[in-house]
Amino acid sequence: MTDRIALVTGCSRGVGAALCNVLLDRGWRVHGVARGPAPSDLIQKGLVQHRIDLADLAELKGAFCDGLVDELGLSEARQVALVNNAGVLAMAPTQDLDLTELDAAIRANVTAPTWLMGWFVQHAPSSGRLDLVNLSSGAASSPYPGWLTYCTSKAALRMAGRAVAADVAEQPA
């Protein structure tokens, strides 16, 4: 059993799946979160997938508060990593924003990853290393027409990560 544990959101495709592959190849125990199924080759390599919709906050909280600490094995780890990779690219011009889609994107892109950072700060072993990584894009600092929701949410997650770092820096080791 490895003493390096990572949780990667958005593990079912793209950057998230590629990152899971690299971590597994480097000997990490990797748990992934995604709405859809992860690639079978990652499951065969050892990825433990949790099918969770990050926009469904009740589902997210239930999964993480009902035994996932034990399943992740955080107490055994010397290094724990959370990679907030998942993102919803809700695109519409300002005048056409759909309130329900806007709300779901903000929950998936900001609320859930921010809460996960807090959850990991609370549950990671105090004697080990904790890495919190929020994957972003140029949309966090540059506006693009029709990308209001995505730009706003990526900028908010960027600031959330900075605020978490400031909070953690103030805490005793």
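I began with a pairing in the sheet: arginine 4 stands opposite glutamine 79 in β4. I note at the outset that the model is predicted.

**Entry 1: strand β4 and its partners**

I looked up which strands pair with β4. Strand β1, residues 4-9, pairs with β4 in the parallel sense, and I found five bridges between them. Strand β5, residues 129-134, also runs parallel to β4, and six bridges join the two.

I then asked how many residues of β4 are buried. Strand β4 covers residues 79-84, and six of its six residues are buried, so I recorded the strand as mostly covered. In a regular strand the side chains alternate between the two faces of the sheet. I therefore read β4 one face at a time, taking buried to mean under 20% relative accessible area. On one side I listed Gln79, Ala81 and Val83, and on the other Val80, Leu82 and Asn84; all are buried, and both faces of β4 are covered.

**Entry 2: the chain as a whole**

I counted six helices and five strands in the secondary structure of the chain. Read from the N terminus on, the elements follow the order β-α-β-α-β-α-α-β-α-β-α. The radius of gyration is 16 Å, close to the 16 Å that the globule rule gives for 173 residues, so the chain is as compact as a globular protein of that length. Along its principal axes, I found that the C-alpha trace spans about 50 × 40 × 30 Å.

I noted that buried residues make up 40% of the 173 residues. The chain exposes about 9100 Å², and carbon and sulfur atoms supply 54% of that area. Among contacts between residues at least 6 apart in sequence, 62% join residues at least 24 apart. For charge, I recorded 14 positive and 17 negative side chains, with the centres of the two sets 8 Å apart.

**Entry 3: methionine 91 and tryptophan 147**

I looked up methionine 91, which lies in the loop between β4 and α5 (99-123). Its relative accessibility is 46%, so methionine 91 counts as partly exposed. Leaving aside neighbours within four places in sequence, I found methionine 91 in contact with Gly146 and Trp147. I also checked a separation: methionine 91 and leucine 24 are 67 residues apart along the chain, and their C-alpha atoms are separated by 33 Å.

Tryptophan 147 is found in the loop between β5 and α6. At 26% relative accessibility, tryptophan 147 counts as partly exposed. Not counting residues up to four places away in sequence, tryptophan 147 touches Leu89, Met91 and Ala139. From tryptophan 147 to alanine 166 I recorded 19 residues in sequence and 29 Å in space, C-alpha to C-alpha.

**Entry 4: serine 153**

Is serine 153 buried or exposed? Serine 153 lies in helix α6, residues 148-170. Its relative accessible area is 0%; because buried means under 20%, serine 153 is buried. I then asked which residues serine 153 touches, not counting those up to four places away in sequence. They are Ile106, Asn109 and Val110.

Notes:
Residues numbered from 1 in each chain as written. Predicted model: local features only at pLDDT ≥ 70, side-chain atom pairs only at ≥ 80, totals over all residues. Heavy atoms only, no water. Helix = DSSP H or I, 4+ residues; strand = E, 2+ residues; numbered from the N terminus. Rg over C-alpha atoms; globule rule 2.2 N^0.38 Å. Buried < 20%, exposed > 50% of the residue type's maximum accessible area, 1.4 Å probe, protein only. Contact = heavy atoms within 4.5 Å. Areas by Shrake-Rupley, 256 points an atom, 1.4 Å probe, with all protein chains shown as cover. Lys, Arg positive; Asp, Glu negative; His and termini not counted. Charge placed at Lys NZ, Arg CZ, Asp CG, Glu CD. Pairing = 2+ DSSP bridges.
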